[in-house]
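Subject: Structure for you, with notes

Hello,

Here is the structure for your files. Please open it alongside this message, as the notes below go through it piece by piece.

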Amino acid sequence: MAKLHFATTLKAQNQPHTIAFHTDFLRRTQEGPCLFKVTDTKLGRQTSVIHISMSQGREEVVAYLTQSNLITEEGLSLDTHFDLHPAPPPVDLVKLKEDKDEHWERRAEMPFASFRKAVTKLQFHFPRAGQPHRSIGDEWVHLTTGEKITNETLGFIADMFPMPVESFRDRENPYDSNDPEKAKKRLAIYWYPTVLLNIEFKKLLPEEGVEWLFSRCKTKQIKNGRMDLELTIMDKEGDIVALSHHVCLVLPAERNVAPRREDGSKI
């Protein structure tokens, strides 16, 4: 939506790339028609901000997007020597594609895939030796649809990861098991609605997209049915592509499939 708006109505701004994205999920959405509304909030020489809302009878999702031009962007650059700690295992993407990598294995099916259907659009590869810590989820992913990953699909990648709640609730992490039925029997199904999501886009992916991206999901605290999630998304060169922060709730799964309340509330 933002890409189209800046390619047509705001073409003169020459700001085709989203560099920051903030969205609040006000209510639970449902299958069916929806209406998007775009409002120009601030138009500037270096950055511009637009507001997008999605409605199904009433507003369900609202977002602010900051646009710029990642190709012409210039200014101070410093090497901060950032590294992930602990470091993820090395990877051979050629072998990974054939599920023959020494350190990473393909996950045949994610736990509760029938409930979280969006996960079927990605192929996940997790560390063969297990995750480095229960609060961490490392993964290499690519799309099962045959498409490549672009900056426009990074929002989807930022929302697909092994849920830390499930790794803490049992002695064995279900995401370290390639038997989804075994994992399903061990744990009750929970729903993790996102209250808000922030993404900062650090690098412009090639126009044709890339096949693989690495992602590390980490939580610092799970308390009173609310948790934080921090994602670092990197490409095969080890460059940061995007940083994402979530505020999520932890609710019984039946809350997601129950009839919507008359006021349209999400929870």
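H5 sits in helix α1, which covers residues 2-7. Helices here are DSSP runs of H or I with at least four residues, strands are runs of E with at least two, and both are numbered from the N terminus. H5 is buried, with a relative accessible area of 13%. Buried means under 20% relative accessible area, exposed means over 50%, and partly exposed lies in between (1.4 Å probe, protein chains only). Setting aside neighbours within four places in sequence, H5 is in contact with L10, V38, D40 and I50. Contact means heavy atoms within 4.5 Å.

Before you read on, note that this is a predicted model: local features need pLDDT of at least 70, side-chain atom pairs count only at pLDDT 80 or more, and totals for chains, interfaces and linings use all residues. Residues are numbered from 1 along each chain as its sequence is written, and side-chain values use heavy atoms, with hydrogens and water left out.

The overall picture

The protein has six helices and 14 strands. Of its 267 residues, 43% are buried. Take the contacts with a separation of 6 or more: 64% of them are between residues 24 or more positions apart. The protein exposes about 14900 Å², and carbon and sulfur atoms supply 52% of that. These areas come from the Shrake-Rupley method with a 1.4 Å probe; for residues, only the protein chains shown count as cover.

Now to β3, residues 48-55. Eight of its eight residues are buried. S48, I50, I52 and M54 point one way from β3. V49, H51, S53 and S55 point the other way, and these are buried too.

Which strands pair with β3? One is β2 (residues 35-42), which runs antiparallel to β3 and is joined to it by seven bridges. Two strands count as paired if DSSP finds at least two bridges between them. T39 has H51 in β3 as its bridge partner. A hairpin through five residues joins β2 to β3.

The other is β4 (residues 59-68), also antiparallel, with eight bridges to β3. S55 stands opposite E59 in β4. β3 and β4 form a hairpin as well, with three residues between them. In that turn, G57 has a positive phi of about 90 degrees.

The aromatic rings

The structure holds three aromatic pairs. One is W104 with F214: 6.2 Å centre to centre, 85 degrees between the planes, edge-to-face. The pair links distant parts of the chain, with W104 in strand β5 (residues 104-106) and F214 in strand β10 (residues 213-218), 110 residues apart. The rings are those of Phe, Tyr and Trp (its six-membered ring), and they pair if their centres lie within 6.5 Å; planes under 30 degrees apart are stacked, over 60 edge-to-face and the rest tilted.

Are these two residues buried or exposed? W104 is buried, at 0% relative accessible area. F214 is buried as well, at 4%. W104, W140 and F214 form one aromatic cluster.

T232 also touches F214. T232 lies in strand β12 (residues 226-234) and counts as buried at 8% relative accessibility. Beyond neighbours within four places in sequence, its contacts are F82, L84, F214, S215, R216, A242 and L243.

Backbone points to check by eye

A cis peptide bond joins H85 and P86, with omega about -5 degrees. P86 lies in the loop between β4 and α2 (93-97).

Which residues other than glycine have a positive phi? D99 is one of them, with phi of about 60 degrees. D99 lies in the loop between α2 and β5 and is partly exposed, at 26% relative accessible area. N224 is another, with phi near 55 degrees. N224 is found in the loop between β11 (222-223) and β12. N224 is exposed, with a relative accessible area of 75%.

Best wishes
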